[in-house]
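Please brief me on the fold, core and backbone of the protein shown here.

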Amino acid sequence: MTLAPTRENVLGWLSHRVPAARITHILGVEQTAGDLARHYGLDEAKARSAGLMHDAAKYFKPQLLLQMAQKEGLELDSVLEAHPHLLHADASAIVARDEFGVVDREILDAIANHTLGRPNMSQLSCAVFIADAIEPSRGNTPELAALRETSWQNLYAAVWQASDYSLKYLLETRCYIHPRTILTRNWALSMARESPKIGNSTGKSIGQITS
């Protein structure tokens with residue numbers, strides 16, 4: 001089974017399609033996803049591969065994103081149709097498969113889930129989802145500092161917390177909210193509270209981690 005294309009090939013492809021600042025972000029996600037995977041005993045190589053390719057379609061034109069989604073048979077709703085940029089995660093997974101020959105389902109799912117998340121997503125998907133939010137070039141706000149701390153303590157609490165931050169931003173800026181963001185948040189909250197030992201790298205309770 002092919003795990004991933006060569007890193008050099010992916011970086012060469014990206015260099016012609018995304019700006020330098022986005023490359024910095026992508027490399028940060030690659031590194032952070034790998035670090036989180038290693039910390040939680042997940043497959044580090046898969047996490048790094050997903051991180052490297054997660055924004056492959058970030059700058060595709062809206063019409064192309066919609067065309068790719070329709071061809072793939074993805075379910076489109078009114079929010080996605082009005083804001084096709086939300087499809088860039090799914091489109092990036094398509095690029096990883098069709099352009100680079102990635103066949104590993106866990107890598108493809110981690111790429112596809114990095115923006116909106118998904119209930120019942122794998123721990124690898126959680127790691128990439130979180131890495132996208134906390135990688136170094138995102139900044140150093142108090143909220144990010146708290147999320148970074150949580151990220152090394154409990155995967156599901158970090159997904160829940162990252163979703164809360166995203167929802168807060170979307171509400172404050174009066175942007176549309178995709179239902180999957182809420183579903184992901186509620187699922188992660190449930191996992192953190194009802195299965196507190198899963199994805200927990202500490203002996204702390206959820207209350208201690210998120211206080």
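The model is predicted: local features need pLDDT of at least 70, side-chain atom pairs count only at pLDDT 80 or more, and totals for chains, interfaces and linings use all residues. Residues are numbered from 1 along each chain as its sequence is written, and side-chain values use heavy atoms, with hydrogens and water left out.

**Overall form**

- The protein has 12 helices and 0 strands; helices (H or I, at least four residues) and strands (E, at least two) are DSSP runs, numbered from the N terminus.
- The radius of gyration is 16 Å, close to the 17 Å of the globule rule for 211 residues, so the protein is as compact as a globular protein of that length. This radius is taken over C-alpha atoms, and the rule is 2.2 Å times the number of residues to the power 0.38.
- Along its principal axes, the C-alpha trace spans about 45 × 35 × 30 Å.
- Of the contacts with a separation of 6 or more, 64% are between residues 24 or more positions apart; contact means heavy atoms within 4.5 Å.

**Burial and core**

- Buried residues make up 49% of the 211 residues, where buried means under 20% relative accessible area, exposed over 50%, and partly exposed in between (1.4 Å probe, protein chains only).
- The largest nonpolar core has 62 residues, and Leu14, Met53 and Ile130 touch the most other members. The largest share of this core, 8 residues, comes from helix α8 (residues 123-134).
- A nonpolar core is a set of buried Ala, Val, Leu, Ile, Met, Phe, Trp, Tyr and Cys residues joined through side-chain atoms within 4.5 Å.
- Beyond its neighbours within four places in sequence, Met53 is in contact with residues including Pro5, Val10, Ala96, Phe100 and Ile111.

**A buried lysine**

- Lys46 lies in helix α3 (residues 44-53) and counts as buried because its relative accessibility is 16%.
- Lys46 and Val128 are 82 residues apart in sequence, and their C-alpha atoms are 9.9 Å apart in space.

**Positive phi in loops**

- Asn120, in the loop between α7 (105-112) and α8, has a positive phi of about 70° although it is not a glycine. Asn120 counts as exposed because its relative accessibility is 65%.
- Arg174, in the loop between α10 (155-172) and α11 (179-194), has a positive phi near 55° and is likewise not a glycine. Arg174 is exposed, with a relative accessible area of 79%.
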